[in-house]
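Dear colleague,

Please find the structure below, followed by a summary of what was found in it.

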Amino acid sequence: MKRIALGLVFLSVLVAQMKTRTADGMNRIQAASMKADLTFLASDPLEGRMSLQRGSDVAIEWIASEFTKAGLKPLAGGTFLQKVPLIEYRVDRQESRLDVSVAGRSQTSRFPEAGGAFPEDVDVTAPVIFAGFGITAPELRYDDYAGVDARGKIVLIFDHEPQEDDPKSIFNGRGNTRYAGTFVKVSNAQAHGAKGVLIVAEPNRKHPSNQERIARIAGAQQRMAKMPSQALADGALRIPMFSIGDAVAAQLLAAGGKKAAELHTSIDRNLKPVSMELPGTQASLHVVLSERRRGTSANVIGMVEGSDPALKDETVIFSAHYDHDGVAANGIMHGADDNGSGTVGVVALARAFAANPIKPRRTVVFAIFAAEERGLLGSYYYVAHPLRPIETTRAVINFDMIGRNETESEQTKGLIAIAPDTSNDLNLVGTNYSPDYRAVVEKANDSVGLRLDYKWDEEPALNVFFRSDQYPFVLKDVPAIWWFTGFHPDYHQTTDMVDRINFPKMEKIVRLAFVAGFEFADTATPPRFVH
């Protein structure tokens with residue numbers, strides 16, 4: 001009992017010391033200043049901050065100006081701007097198509113039965129093989145490519161992961177792991193020598209497919225049809241991918257004498273590959289662009305250097321994205337919550353860390369990324385071209401939508417339970433990969449008093465885990481968590497405006513991030529990543 005009592009006393013002393021060391025910075029984080037910043041960032045003149053458009057450029061210059069005024073040090077060769085080269089393009093949906101031949105019988109499919117995006121005209125023809133869920137996970141001893149040769153082939157795979165309804169699954173129970181994302185699946189097929197990828201919704205799914213999920217967001221399909229796509233000019237994915245409907249997949253799988261549902265059931269039952277050649281099959285992926293141009297956006301990145309001569313070479317990152325969806329047919333997509341809230345939150349933290357007299361031992365980086373809405377492009381670019389080593393990046397706190405109360409909407413209805421009162425709630429997404437990270441945030445929250453929620457780590461339908469900028473860091477084994485106040489009916493609507501933001505709650509979230517981030521940057525033992 002004496003030891004327990006002494007331990008509690010020691011812990012109380014540490015907490016008191018931390019409060020003293022961070023008081024000046026904490027006091028800089030005020031709801032009123034964040035409201036002033038967000039009122040500008042989500043205003044009409046910024047025109048929804050669409051990537052490569054004028055409003056986005058204004059946001060970039062505003063963030064860089066605020067970093068300069070705060071006294072941050074630039075990281076990109078004397079500037080706060082890490083240039084992100086992009087390709088903007090439009091796919092001609094009438095000319096683009098998928099041709100499938102099975103035992104000499106041919107069929108042509110176009111959007112929405114088959115559709116893909118690729119930043120250049122492409123024609124790829126090859127035999128088709130089936131490769132389960134397209135996953136290679138050595139630490140889980142699971143490999144859909146065991147026993148099949150994908151070289152020179154087009155690979156047909158299921159979306160998501162095996163055993164999605166099994167709470168005891170090695171794939172994070174009912175939640176998602178990093179292997180469920182399309183980027184990882186296409187990268188893996190490419191690494192196995194494939195020429196193209198066909199992805200179909202898993203046949204035994206108990207939730208909407210990705211296309212059905214998007215259709216739940218009012219106006220999303222119409223906006224996507226009119227909005228140009230973007231890709232990194234030097235992106236990692238070099239093979240095309242088409243999403244296909246159930247009927248097209250069934251036609252291909254019939255060549256192997258199997259039904260999609262039977263294959264899914266077999267994988268779920270045994271976690272053994274059922275991958276196979278599909279004899280007599282051939283697919284041709286044709287992508288035709290109607291427009292294509294190059295452009296340059298920028299990640300805005302600054303730092304507060306660590307105080308320890310050795311540990312200052314290590315990094316803790318606060319991140320967000322500043323872009324949104326521009327101007328729609330019915331008005332400006334202001335993006336106050338998504339993600340003006342996260343942007344001004346990171347700016348507030350930059351001011352707080354710069355003003356705090358005591359600096360943590362590790363270096364703290366403030367990175368506000370480009371083109372997240374176009375496919376996490378800014379964060380993927382940073383991870384591929386890091387300004388400080390990824391190997392010594394110890395934690396990422398990613399803000400994306402931290403300004404609202406989570407409320408049921410058409411997107412979430414029937415898929416996840418949302419509490420009646422979320423006015424004090426904060427979701428943390430991805431803590432399964434770092435229990436250490438979660439423990440630090442929970443301890444820091446003792447002095448803030450938010451209600452922390454982890455429900456999105458147990459929900460597979462909405463693909464939440466891979467929908468924000470922490471995800472590229474997770475792919476590099478960095479403890480990276482998405483801080484998120486949840487969806488609401490104004491998500492990706494013209495009504496996502498400043499007057500609907502809960503600024504007192506935002507202040508609490510940013511203050512919690514300040515205390516937790518200071519601990520990540522100062523502790524002798526940073527959080528571990530768990531596979």
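Helices α9 and α13 are oblique to each other (angles under 35 degrees count as roughly parallel, over 145 as roughly antiparallel, 65 to 115 as roughly perpendicular and the rest as oblique). The axes of α9 (residues 336–355) and α13 (residues 503–522) come within 10 Å and cross at roughly 50°; axes are lines fitted to C-alpha atoms, for helices over the stretch in contact, and angles run from 0 to 180 degrees between N-to-C directions. The crossing of α9 past α13 is right-handed, a term that applies if the near helix is turned clockwise from the far one by less than a right angle, with anticlockwise being left-handed. On the α9 side the contact (heavy atoms within 4.5 Å) involves S341, V344, G345, A348, L349, A352 and F353, which meet M506, V510, A513, F514, G517 and F518 of α13. These residues comprise 10 nonpolar, three polar and no charged (Ala, Val, Leu, Ile, Met, Phe, Trp, Tyr, Cys and Pro count as nonpolar, Asp, Glu, Lys and Arg as charged, and the others, Gly among them, as polar).

The model is predicted: local features need pLDDT of at least 70 and side-chain atom pairs pLDDT 80 or more, while totals for chains, interfaces and linings use all residues. Residues are numbered from 1 along each chain as its sequence is written, and side-chain values use heavy atoms, with hydrogens and water left out.

Helix α9 also packs with α3 (residues 54–70), at an angle of about 15° and with the axes 9 Å apart. That angle makes α3 roughly parallel to α9. Here W62, I63, E66, F67 and A70 of α3 touch T343, V344, V347, A350, R351 and A354 of α9. This contact divides into eight nonpolar, one polar and two charged residues.

V155 stands opposite V197 in β11.

Overall, the protein has 13 helices and 24 strands, taken as DSSP runs numbered from the N terminus (helices H or I, at least four residues; strands E, at least two).

Yours sincerely

Key: Two strands pair if DSSP finds at least two bridges between them.
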